[in-house]
Structures are given as structure tokens and as C-alpha cells.
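Please walk me through this structure.

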Amino acid sequence: MAATNGTIDALDPNNSSKNTLKLENTEKRDTLTAIEKRYQEKWQESGVFHASAPSTEEVPTGSVSPSELRRQQPKYFGTFAYPYMNGTLHAGHSFTASKVEFTAGFARMQGKRVLFPLGFHCTGMPIKACADKLTEDVRKFGKHFEQYEEETSVPDPSEPVPAPTQSQTKEDITKFTSKKSKAAAKGVKLKYQFQIMLALGIPKEEIHKFADAAYWLQYFPPLCKQDLNNFGARIDWRRSFVTTDANPYYDAFVRWQMHRLKELDKIQYGVRYTVYSPKDGQPCMDHDRTEGEGVAPQDYTALKLKVKDWAPDAAKIVQGKIPDSANVYFVPATLRPETMYGQTCCFVGPKIKYGVFKVSESDYYVVTKRAAWNMAFQGTFFKSDQFPRTADELVPVVELTGSSVVGTLVSAPLSIHKNGVRILPMDSVLPTKGTGVVTSVPSDSPDDFATITDLAKKADYYGIKKEWAELEIPPIIDTPSYGNLTAPFLVKKMKINSPKDAKQLAEAKDLAYKEGYYKGTMLVGDFKGQSVETAKPKVKEALIKSGEAFEYAEPNGHVVSRSGDECVVAYLGQWFLNYGENDPEWRQQVLDYVGGDMETYSVDTRNAFQKNLEWLNRWACARTYGLGSKLPWDPKFLVESLSDSTIYMAYYTVAHFLHSDIFGAQKGLLDIKPEQMIDEVWDYVFCRREISEDLIDSCGIQKADLEKMRREFEYWYPLDMRVSGKDLIPNHLTFFLYIHTELFPREYWPQSVRVNGHLLLNGEKMSKSTGNFLTLHDAVAKYGADACRIALADAGDGGEDANFEETVANQIILRLYTLKVWCEEVTQDETLRTGVADNFWDKLFENEMNTLVHEARQHYEATNYKLALKSALYDFTSTRDFYREACISASIPMHASLLHTYISLQALLITPIAPHWADYIWTEVLNNPTTIQSALYPTRPLPSPSLTAALAYIRTTSSAITSAEAATVRKLSKGKTVAFDPRQDKILTIYYASGFPAWQERYIELVREAFDATTLAFDDKAVNSRIPNQEKKRAVPFVQGLKKRLVAGEEQEKVFERNLGFEEGAVLEQMVRGLRKTTGCQVVEVVEVRERGGVGDGKQGIVRIGENVGEERHGLPPQAEAAIPGAPGFGFENI
């Protein structure tokens, strides 16, 4: 027991977040979270997020078409991938969920009915595999693991630790791959499942319960639900469910789906290659893996190079162990069977261990143990119904090192060297790829040519005869770029001097393959004159037919199943979904939709879908181990986890009618039993058939109830937005599109798919091993829901990785708290101005609020939440701050009604992102009678262009003046000469132009003529030729400035506009008080600059504001001469 308690201490789950930001003073956070809890309870009690379609009583069945009903009563239906119930949610889950959450919040404010449901995925191997491991742990160590003896370990500092991947950041009990903290490393190895459970905070007394797979389904869904409620998610929990046959209603739904796909010939049975777990005895698909998601079978042609004469060392080793009359074959695996005419030798790795494996009484293969293990599942050593489970069932007759077989003479199929070729050493042969035996074609393989050249030069060093590496290299493929000896040409051209020039050889290999395959022509063999692309499959077929080769496959990457088993490729009969090239019409249907009507929010997402659709092929949809629904027509199989999760969004539409708990044990709003949900009922509900008396009689469901279910589906569908991580495009999201387009009428196909990148934490990948990790529960507990939500909105919106910055979340706590207190105080402030709000600063403030309301709406509509947050919170509070400072400078109070409007708009604008804070302000500060969750987005007048321009002018001019003064202060501090001393009494003079210079008008017309609005082309030559030399100094920069704006796409009317839209002198008059305060100037003068009467007479100034109003000024400084309307000049001088 002491050992177990030591394990608990060492595996403290808090270690996973030990390097995240530490908060010290939490008083403000605690105040905000108390508000959040209060409103979460109100929302759940009132059922504000419960959404229903218009009832058949309101709108009778058949009285209006579904599309018309959706038009009359708009709706939004959004989902994200339901989380897998082998752990709690992490911050990355909340990032994906937030995209649906923010969109749902805004849709509510648009007056739409909004449905955001969530289920719990339990199908597949992970839960079952972990439960089985715990069963074994309990058997070994007792119910509470009291018999466990602690195993210490000292990490090997020389052993590299792989960088954590995003897929490892999930709070996933089945995929714990953490590198332990120092404390943990000294005490415990995470060898057993119970230790992993302890590391994730599961109480020791409860762990034994998880040996029952069903307990996982009871334990984690409530935690998931609570975490999302604490986050403030707008989820309709009435529609939740667990997958697998644990819920008989969902099970009936999956069986219907499988039946219909099989009837449509989309599910087929056949013998094919698939990634396979020997230990589990079944295919291992993406979600069944701890390593290797996306890895697929790689097909090879395995050649049979028969031994003619063993090398002396090898002959001694095999003597007496293999019959003298036996046929022994070295078996290289090649991707280029069409090049086998050019074989000159065969390579082995001198340090690699090979086995001689018995195929039949007369035949033996020489390959690595790894390759033989793959072959064992492809009919070579075992029949498909007798596949081995463990490697000790496949024992080689004898083992050989690569060095011992060097010099062996073998016959190479198709080679021009009919007397045979030799086995030679090659250091770069990998035991982890192919068979460990590599046939050499130096005419077309740069690696091979570089190696045989090196072997011939250093024959004595390698212990071979030189002539073995100097066999004739025949031309076999002609290419337009590299001739008929591609490899020698590239090796010479790229100055490759050694087999160790790996980078250049990799580049040369790529060039050689592409040129040969796409542009090459065969020079030899039965297919001489044909293109390589045409001849390749024919050569492969001929080799296999002659018995000189066979098909071989292996995973194109390392794959480990959830049970910890290294996977192979098996050739076996299985049920599969016929995705890809074998059903071109189906694939094209999806491609057309992706490239057409479906919204993807980015070109990159659309391209990723199209690329994957071109690549994706048949997918095994059933297995024998794990949790799930049984395949209806072959119940020894279970439906695979990525195949029962393609259209479950449709199930959300009727789930609440069928059951009121996630297991389907309690009836829902309608009195329907699971056995009544026959396939024909699902067909009717999902608009695949019409109602009939036969249907009603066969299912026993009342007609009115059937119509209610159909109404829910045909109203909520099509799905408006599906959100997921971009890593699901290669499987789930593409399957989702395939099945929707096949099973549902066109009207109900998904409207949009939005993908996001992974979520970084503080600019780094989330990783338990580095202590940079947050679960959703921990993030909300640490910062509160709204601060987390704002930080997630601020994290980014594109498909690239986003960043949850803890400093942002922490700063948001202060911002929200301070703004809350200000709102509370302002609503009680009796010193505020009342009456008509017609002051200049009042007008600017109201106009800018209107601008930001419209701007935020545009960003919300485009689902650009980072920009929406900027407009709705950051810019909105900045506008208030500007108004407050302006009123202080003008010595007038702020206006009460404008501040009330500001507070109301601020609450409404931030509602989609920070609803708790917004609802508090809305109901408790502004005393509105109903929740802000039911409020509509504000309708405001369009902003006034003149006021918008005036505000921009004020900000630009004020910034330029204060920046200039600050620059002078910096120069002075460095001992540099300055025009005035900012520390002494000073005067600020601002020069504004009364009109644009007359000469500019001429060049505006010239630019109009030279610019082509269609092509955005500009004829510089024509313009420059018409500018007199004496005017080039001032005219050329002016013309180029206009050109730059036009070519950038700015509207011509705006570029050529010569009207500011406001009176510049009047605006400067309003600014004087504020500038006097911010600059500390005793005097601020405003001087109007005018053109004198005659051409070339220069400019004169008239003081409009200051001590000498009306005074004329001559000999104006350069700042005054340069002033144009909207861009005043200014200068400081000491008094």
C-alpha cells in the first residue's frame, strides 16, 4: 500500500500545468466567477438554450414547404465533433467548440432559432482496451493495487525524447505518453493502466470500477457536460446521447444507416490490404491507434531472386538446415517493377539480421523478421483464418547477418544479366522499410549508381570482387531531360561524390522518378515503346503471373494500436465503405459539392478537401473488438468508430423525442420504444420516403408523432456549420460529406464546414510533459468563463495554429472587472449632463458607437471573432475613453443618455463572446426584465461619413502632434540639438489649408486618364511626359501617391475626392483645449493658410484661434507651405 501511495504522490495531475501562469490576487476573478455561476444556473433552470422547430400545431404538416418554413422562421444548427469519452476535455476542445458557440450566440441575436447539441462518442477500441488492461492490473495487484511494488527508473539522458504532438495533448486516459517530471521520473514508471489513471486525477478507490468498460460511459459524460456548462456553452442537453448499443435508439439509427449504405452498394465485402493489429485480431483504423493516424498500406512488388550459389560464410550457416534441393529466394520489395530489366546486383544491410523463412516444402524466403511478420498476414506463411497473434508463432529456419551473404549469386527476374547478379553491401539499407533486401538498378536509381560506383572504387575495403560492382548498366528508359541513363546523368550533374551525400541523392531520386514515370518511354522488354506510366502495371502483372514476383504491402509509417501492438498490413476479407476511385460517380458528387455550394471559409480548407478526395480510398468499416453497434447482417463485426459517426448530427434533431437520458433508458417527449424505430421510420423522418398506413401499422407509432419527428429534421437540417480540427479532414470530415450526399436529399446536405488549427498555450504546444497544459476545467477555474472565452476569441480564426495566451486571459479579468464597476457607478452618477446630446463630442461619440456596432456585425457575420472582439470590446471601450477625455478637456460632464446607450450597446455587442458579464450588466445594472440571451443585435443608424472623417482627423492630428513632442524630448535627453525646449513655456501653432492647391487639379485629371480601372494598370510614361520639368519636384510625388492608392484597389471616387466632409477650422477649434492639456502649451494657435492671388505669389496665413485672431502672417514656415486640407502642418516654439 505504501508503494501505491508513493505512486499517487509522484503522479500528481497538477504537474501537467506546473509551468503555466500563476495567479496571485484572485479577488476580481472570484467576483466575476460568482456572477458567472449565478447566470449559468439561471440559464439551465429556464431552459433558455432548449430549441424546437415550429410545431405541427403552429404550422400544420404540408401547409408550407420545409425550405419556405426555414425562410419564414430562420434557424441556425451548428455542431462540433462529439468528444471521445476516455477522458475530460482540454483547452483545445473548447477552442473548437467556441467557433460554434460564438456563432450560435450571434445567430440568437439575429432572431433565429438556434440549436447547438452535443453527444458523447464511445465507439471503438480505446475504452475497451484500457478496461481490459485495468482488469489485468486488478488481477495482479488487487482491487486497490495494494500488492503493487514500486519500480524505480533512472532516465537515460542520451536517449532522445520525441517532441509531443498535438494529438497527444488530449486529456486521454488511453493515450498518456507524458515524459514524467523529475519527481515522477525518480519514483514511478507509467507501465500500468492504473498509474495512468492516477496521473490524471482519478481517485485510487474508484479506479477498479473502470475495468468495466460500461463505467467509462457513466463517469466521463457528466464531467464533460459540467465543464461545458461552466464554460457557459449554449448547448441543448436534452438531445445528448452516448454512442454504441448502450443506447438502443442510437443503435437502431446506426443499423439503419448501415443497411441503407449496403443496399446502395456503398458498403461491400472484399479481400484487400488494411492496417491490422495481430494482438487485437482485427483492422486498426485511425481512431484505434495511439501512433500512426493517417498511415495507410504501401503496396510493393516483391521479386523472387533465386539463390544460385551461396557465399562461403552463408553456405556454412545454412548447410544441413535447408534441403539442398530447396528453392531459396532473396525477396526485395520495389515500387518500380518496370525498371527490373536493369538489375545489376542486389543490396543487403551488412549489419542487419535476416531470417530464412519456410514458405513451403520446397520454397524459402530471405527477408527481415519484420517483413516476414507482415507477409504472415498476407497469405505467405499462414491462411487468413489462421493468422498468428504473437511473433513467436513465426520462427525462421535459420538466421543470417547481411555481411555473411555478401557475394551470393542470385538470378534476377527480367535482368539482362542471365548468369546472375551478386548480393552486395549497402550501409543505407533500413531494416524498418521494405524487406531489408534492395534490388539495384543503377541506370535509373541515383542511390544505386552512387553505391555501386563507391563499391567498385573500394572493393577491397568492402571485401568484394571489383567485377561484381562493374556489370554492364543497360539503358532501359528514355527521358527527354536526362537521356537514357537518368541516374548517371543526375549524379554527375549534381556533383554527387558519395552514397553519403544524402540530401543531394534524395533530390536526385525525386527528379529521376518524376521524369521517368511521367515522361519516360520503355526501351526494352515486352512493352518497349510504351510510356512508363502505361507499362508499369503491365510489367508487375507479368512478373506475378510468371511466378517471379508477388504482391507485398506494409504500413507506410509506424502504427501502434490502442492495445500497444505494433501493426502490420493484412490481406483479408472485410466490410468496407467504397470511397474513392472505385466509385467515381460518388466521389465526383462530393467533389462537385465541395467545389461548388459548400462554404469552407478558406481556400486552404477547400483545397485540403479536394486533395483528400482524390487520394482517399476504400475504408474498412467493421472490426471485432471494442465498443459499438453490431453490423446488422454480420453481427460478429462491430461498426468502426469513424463509420458510425458520419451523420449523427441528424440524430440530434429527434433525440429528445426518443429518450430523456443519454442511455435511452428513459423515454423522451414521445412514447416511442427502441424496437419501433425500424428502418422505414428513419427513412420517413429523414425525408427518404412518405408516410403510409403500412408504415404506421408496422412501427406502431402514431402518425402525429411521426410528423413531429419529421418536422424537427426537415426544419433543423441542413446542418449550417460543422466545426472541427483540420486534422479530421483526411477521415471524419470527408466521410461526413460522403455519407450525407448519399443518404439525404440534396436540400439537406451540409451548408458549411469550418476547420481550425491546433491550440497552442502561451505560444508553445500543449504538453503534459513540459507542464504547459490546461484542461477546460482548469482553465475556467483559473480565469473564469468569460475571460477564457475572450482569450479563445483573441486566439485566432484561421486554419493555422492559434494561441491561447494566459496573459491575455489574466488581463481580461481586470478589464471586465473594471468595466463592470464603471458601469455600476455611472448608472448612479447624478452629475452627468442631461437634455439634448448635441455637443460636438457627443455627436462624435454616438457616431463612433454606431460605426462599431455595424463593424462588429460584419465580423460576426463573417465568423471572424478576433476582429469582432476588437470592434465589440477593445475599440468600443477605447471610444468611451476618448469621449471621457474629450469631455474632461472641454470642462463638460459626459451625457447620461449617451452613457446609458454605451453600456447597453457594450453588453449587447459582447454577448456572443462573453455572455455572463453581458447578462449581468443587462439585467442587474440596466434592469432589463429578461435575459440578454434572448435580446436581438442592436439596430443603429448608419454612421455619418462627415463625423467619421472628423474623428479620424482628430486622432491622426493629435497623434502626430504628441508624437512630435515626444520625439523632441528623446532627442533632448540624448544631448542632441532641438528646435525648442519642451520643458520651457511653449506655443503650438497649427496650420491648416483652406483649399487644395490649384496645380493639383490638373494632375488629378491626368491621373484619371492614365488609369485603367479594369486592369488596375497605370501608364507612368504617358503621365511623366506631360509634367513640366519645373513642376516635377512637387507633381511627381503627388501623382505617385494617387497611383499607389488606385493600384491598391481604393475606390476612384475616394482617391479623387477633394472634399473633406467637415470644416477643418471648426474641428481644430474643438481640439484646442485638449491639445493645450496634452502638450502643456500655454498657447495654441490655429492659422488658416491661403493661396495668394497671383500665380507664384506663395501663401499667406490668417490667425483663426489664439491671442491674435485675424492677424495676417507672411513668410510662413515650411510646415505651413506643406499643409493641405486634412493634413495640417504644425510647429512648437518657446515663448
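Thr 968 is buried, because its relative accessible area is 13%. Buried here means under 20% relative accessible area, exposed means over 50%, and partly exposed lies in between, with a 1.4 Å probe and protein chains only. Thr 968 sits in helix 33, which covers residues 945–973. Helices (H or I, at least four residues) and strands (E, at least two) are DSSP runs, numbered from the N terminus. Leaving out residues up to four places away in sequence, Thr 968 touches Val 978, Phe 980 and Pro 982. Contact means heavy atoms within 4.5 Å.

A word on the source: this is a predicted model, with residues numbered from 1 along each chain as its sequence is written. Local features need pLDDT of at least 70, side-chain atom pairs count only at pLDDT 80 or more, totals for chains, interfaces and linings use all residues, and side-chain values use heavy atoms, with hydrogens and water left out.

Now take another threonine. Thr 989 belongs to strand 30, residues 986–993. Its relative accessibility is 3%, so Thr 989 counts as buried. The side chain of Thr 989 makes a polar contact with the side chain of Glu 1085, at 3.4 Å. A polar contact is a pair of N or O atoms within 3.5 Å; within protein, one must be able to donate a hydrogen and the other to accept it, and residues adjacent in sequence count only if both atoms are side-chain atoms. Glu 1085 is also one of the residues that Thr 989 touches, once residues up to four places away in sequence are set aside.

Next come the aromatic rings. A pair of aromatic rings is described by the distance of the centres and the angle of the planes. Rings of Phe, Tyr and Trp (its six-membered ring) pair if their centres lie within 6.5 Å; planes under 30 degrees apart count as stacked, over 60 as edge-to-face and the rest as tilted. How many aromatic pairs does a search of the whole structure find? It finds 76. One of them joins Phe 357 and Phe 381 in a tilted pair, 6.0 Å centre to centre with 45 degrees between the planes. Phe 357 lies in strand 11 (353–358) and Phe 381 in the loop between helix 12 (369–375) and strand 13 (398–401), so the pair ties together parts 24 residues apart in sequence. Phe 357 counts as buried, at 1% relative accessibility. Phe 381 counts as buried too, at 18%.

Phe 713 and Tyr 748 form another pair. Their ring centres are 5.1 Å apart and their planes stand at 45 degrees, so this pair is tilted. It links distant parts of the chain, 35 residues apart: Phe 713 is in helix 24 (703–716), and Tyr 748 is in the loop between helix 25 (729–743) and strand 26 (753–756). Phe 713 is buried at 0% relative accessibility. Tyr 748 is buried with a relative accessible area of 3%.

Helix 25 leads on to helix packing. Axes are lines fitted to C-alpha atoms, for helices over the stretch in contact, and angles run from 0 to 180 degrees between N-to-C directions. The axes of helix 19 (residues 584–595) and helix 25 come within 10 Å and cross at roughly 105 degrees. That makes helix 19 roughly perpendicular to helix 25. Angles under 35 degrees count as roughly parallel, over 145 as roughly antiparallel, 65 to 115 as roughly perpendicular and the rest as oblique. On the helix 19 side, Trp 586, Arg 587, Gln 589, Val 590 and Val 594 take part. They meet Leu 737, Tyr 738, Ile 739, Thr 741 and Glu 742 of helix 25. This contact has six nonpolar, two polar and two charged residues. Ala, Val, Leu, Ile, Met, Phe, Trp, Tyr, Cys and Pro count as nonpolar, Asp, Glu, Lys and Arg as charged, and the others, Gly among them, as polar.

Finally, the chain overall. The chain has 39 helices and 36 strands. Its C-alpha trace spans about 120 × 80 × 70 Å along the principal axes. Of its 1135 residues, 55% are buried.
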